[in-house]
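Dear colleague,

Please find the structure below, with its sequence.

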Amino acid sequence: MIIPENVLIDAVTGTVATETERYEKRVSDLRQVFADREAVERMVAEKGNPLVYQVRAYRKEGCDLWFGTTTIEPGRVGSEYFMTRGHFHKRRDMGEVYYTQAGNGLLLLQSRDSQIETLEMRPGVCSSIPPDWAHRSINVGDEPLVFFWICNVEAGNDYADIVQKGMLKRVVVGNSGPQLIVNRS
Ligand code: NI
C-alpha cells in the first residue's frame, strides 16, 4: 500500500522540498535548440555558459502520476528567448497539465500533423496539453518562469524529433513583445 502524503513546493521558486530528481540545462546543452549558433558560442565563451532551466521532480514508486516544476531563467540567445528543448511524449495517448506559478511565458504546442498553437503562461493559468502535442515553454518575461507539471509516469519524453527537426515556429523578440516567426533553420 502506498501512503498518501504532501509534497511542499515553493510557489515562487518552484523548489520541491522532497525532490527525487533534478536536472539543469545550460546554454551549451541547448546548442541545437537555438537558431543563432554563433550567439550560443558567444554566450558559452563570454558569459560563463548561463543556466537556462532547471527541472525538479517527485516520483514515488508505484504511483501512476509524477510531478514537478520547471524554472526557466529570463534571457535570450540572439533574438530568441530562453526556452526548454520541447518534446512529444513517447506514449501518444498521454497528455500533461502545466500550472504557471510565477513569471510570464508562452507555451508553444505542435500537433503531429503540424498544427501550431500558443498558450499564454502567467500565474494562475492551468494549461491542458492534449495527448500527442509537442510542447515547449518559453520565458518571454524579465523574471524566472516557474510552472508545475504533472503527467503519467509512463508518458515518457521523446526529445529526438524536436531537437533534430525543431518546431515549425520560433518565438523571438519583436517590436512590441514576443513574436512568432516561421522556423527556417
Ligand atoms: Ni511533457
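How many aromatic pairs does the structure hold? It holds five aromatic pairs, where rings of Phe, Tyr and Trp (its six-membered ring) pair if their centres lie within 6.5 Å, and where planes under 30 degrees apart count as stacked, over 60 as edge-to-face and the rest as tilted. One of them is the tilted pair of Phe34 and Phe82, with 6.4 Å from centre to centre and 50° between the planes. This pair links distant parts of the chain, since Phe34 lies in the loop between β1 and α1 (37-46) and Phe82 in the loop between β5 and β6 (88-89), 48 residues apart. Helices (H or I, at least four residues) and strands (E, at least two) are DSSP runs, numbered from the N terminus. Phe34 counts as buried because its relative accessibility is 0%, and Phe82 counts as buried at 3%; buried means under 20% relative accessible area, exposed over 50%, and partly exposed in between (1.4 Å probe, protein chains only).

Before going further, please keep in mind that this is a predicted model, in which local features need pLDDT of at least 70 and side-chain atom pairs count only at pLDDT 80 or more, while totals for chains, interfaces and linings use all residues. Residues are numbered from 1 along each chain as its sequence is written, and side-chain values use heavy atoms, with hydrogens and water left out.

Both Tyr98 and Phe147 are buried, and they form another tilted aromatic pair, 4.4 Å centre to centre with 35° between the planes. Here too the pair links distant parts of the chain, as Tyr98 belongs to strand β7 and Phe147 to strand β12 (residues 145-152), 49 residues apart.

Strands β7 and β12 bring us to the open sheet, where six strands follow the order β1-β2-β3-β12-β7-β10 with antiparallel pairing; two strands pair if DSSP finds at least two bridges between them. Because β1 (21-26) and β10 (126-129) stand at the edges with a single partner strand each, one side of each is left without a neighbour in the sheet. Strand β7 (residues 96-102) is joined to β10 by four bridges, and the two run antiparallel; in this pairing, Val97 stands opposite Ser128 in β10.

Kind regards
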